[in-house]
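Thanks for coming. I will go through one structure today, starting with packing and ending with charged pairs.

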Amino acid sequence: MKFEAPIARWRERVLPEWLDYNGHMNVAYFVLIFDHGTDEFYPLIGLGKPYRNRTGKSTFAVETHITYQKELSVGEEVMVTTQLLGYDNKRIHYFHTMWHAEKKVQMATLEQLALHVDLTNRRVEPMPEESQRLLAEMWESHSTLPKPKELGSVMGIKARQF
């Protein structure tokens with residue numbers, strides 16, 4: 001199977017109840033939209049809700065980093081793209097980019113590391129061979145993509161010297 005690079009399958013419009021007191025979409029809803037993008041991404045690699053229901057196994061996010069570039073308001077449509085950054089038999093490292101669907105500008109990014117978990121004992125374990133095979137196929141398409149400039153970004157300010 002040949003995967004598009006990056007994956008571009010999720011679109012969504014900003015709802016009125018997602019605005020905060022500043023009049024733009026609250027940070028929590030950026031995370032929600034990225035999570036919907038993840039829900040679209042996982043079945044492509046044999047994981048996600050159907051997999052969980054069938055096997056009692058799933059993935060847990062263990063680290064996430066989000067950047068915000070632009071504001072969003074009611075009715076604006078966004079698209080989430082996903083780039084596989086790396087994987088091994090227990091971990092998936094991927095990067096979502098949120099784009100304004102009409103203006104084609106980057107709105108936010110999310111970098112995430114997820115672990116494959118057996119829900120019966122809440123322990124990390126290897127993914128099924130099928131998922132590893134699909135990840136390998138996806139990696140063939142994604143390994144040559146440029147690394148996002150936000151990848152691995154560190155936040156903070158230098159301590160003030162007195």
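When I say contact, I mean heavy atoms within 4.5 Å. This is a predicted model, in which local features need pLDDT of at least 70 and side-chain atom pairs count only at pLDDT 80 or more, while totals for chains, interfaces and linings use all residues. Residues are numbered from 1 along each chain as its sequence is written, and side-chain values use heavy atoms, with hydrogens and water left out.

Let me begin with Met 138. Leaving aside neighbours within four places in sequence, Met 138 is in contact with Phe 3, Ile 7, Phe 41, Leu 44, Ile 45 and Leu 84.

That brings us to the cores. A nonpolar core here is a set of buried Ala, Val, Leu, Ile, Met, Phe, Trp, Tyr and Cys residues joined through side-chain atoms within 4.5 Å. Buried means under 20% relative accessible area, exposed means over 50%, and partly exposed is in between, with a 1.4 Å probe and protein chains only. The largest nonpolar core has 16 residues, and the members touching the most others are Phe 41, Tyr 42, Ile 45, Leu 47, Ile 92 and Met 138. Strand β4, residues 91–100, and helix α3, residues 129–142, each supply at least two residues of this core. Which of the elements gives the most to this core? It is α3, with three residues. For the element names, helices (H or I, at least four residues) and strands (E, at least two) are DSSP runs, numbered from the N terminus. Apart from this core lies another, of 13 residues, including Val 14, Ile 33, Leu 72 and Val 78.

Now α3 itself. The helix has 14 residues and reaches 20 Å from its first C-alpha to its last, close to the 20 Å expected at 1.5 Å a residue. The expected span is 1.5 Å times one less than the number of residues. Buried in α3 are Ser 131, Leu 134, Leu 135, Glu 137, Met 138, Ser 141 and His 142. Seen down the helix axis, the buried residues of α3 fall within an arc of 160 degrees, so they line one face; the arc is that of the directions from the axis to the C-beta atoms. On the other side of α3, Glu 129 and Glu 140 are exposed. The cover over the buried residues of α3 includes β1 (7–13), α1, β3 (77–87) and β4.

Staying with β4 for a moment, Thr 97 is placed in that strand. Thr 97 is buried, at 9% relative accessible area. Not counting residues up to four places away in sequence, Thr 97 touches Phe 34, Met 79, Val 80, Thr 81, Gln 106, Ala 108 and Thr 109.

Next, the aromatics. Rings of Phe, Tyr and Trp (its six-membered ring) pair if their centres lie within 6.5 Å; planes under 30 degrees apart count as stacked, over 60 as edge-to-face and the rest as tilted. The structure holds five such pairs. For Phe 30 and Tyr 68, the ring centres are 5.1 Å apart and the planes stand at 85 degrees, so this pair is edge-to-face. Phe 30 lies in helix α1 (residues 27–41) and Tyr 68 in strand β2 (residues 57–68), so the pair ties together parts 38 residues apart in sequence.

Phe 41 in α1 and Tyr 94 in β4 are 53 residues apart. Phe 41 is buried at 1%, and Tyr 94 is buried at 0%. Ring pairs link Phe 41, Tyr 42 and Tyr 94 into a cluster.

Last, the salt bridges. The rule is a side-chain nitrogen of Lys or Arg within 4 Å of a carboxyl oxygen of Asp or Glu, and the count comes to nine. Lys 57 and Glu 125 meet at 2.7 Å, N to O. Lys 57 is in β2 and Glu 125 in the loop between β6 (123–124) and α3, 68 residues apart. In α3, Glu 137 and Arg 133 form a salt bridge at 2.3 Å, N to O, and being four residues apart they are separated by about one helical turn. Glu 137 is buried at 16%, while Arg 133 is partly exposed at 37%. Finally, Arg 11, Arg 13 and Glu 77 are linked in a network of salt bridges.
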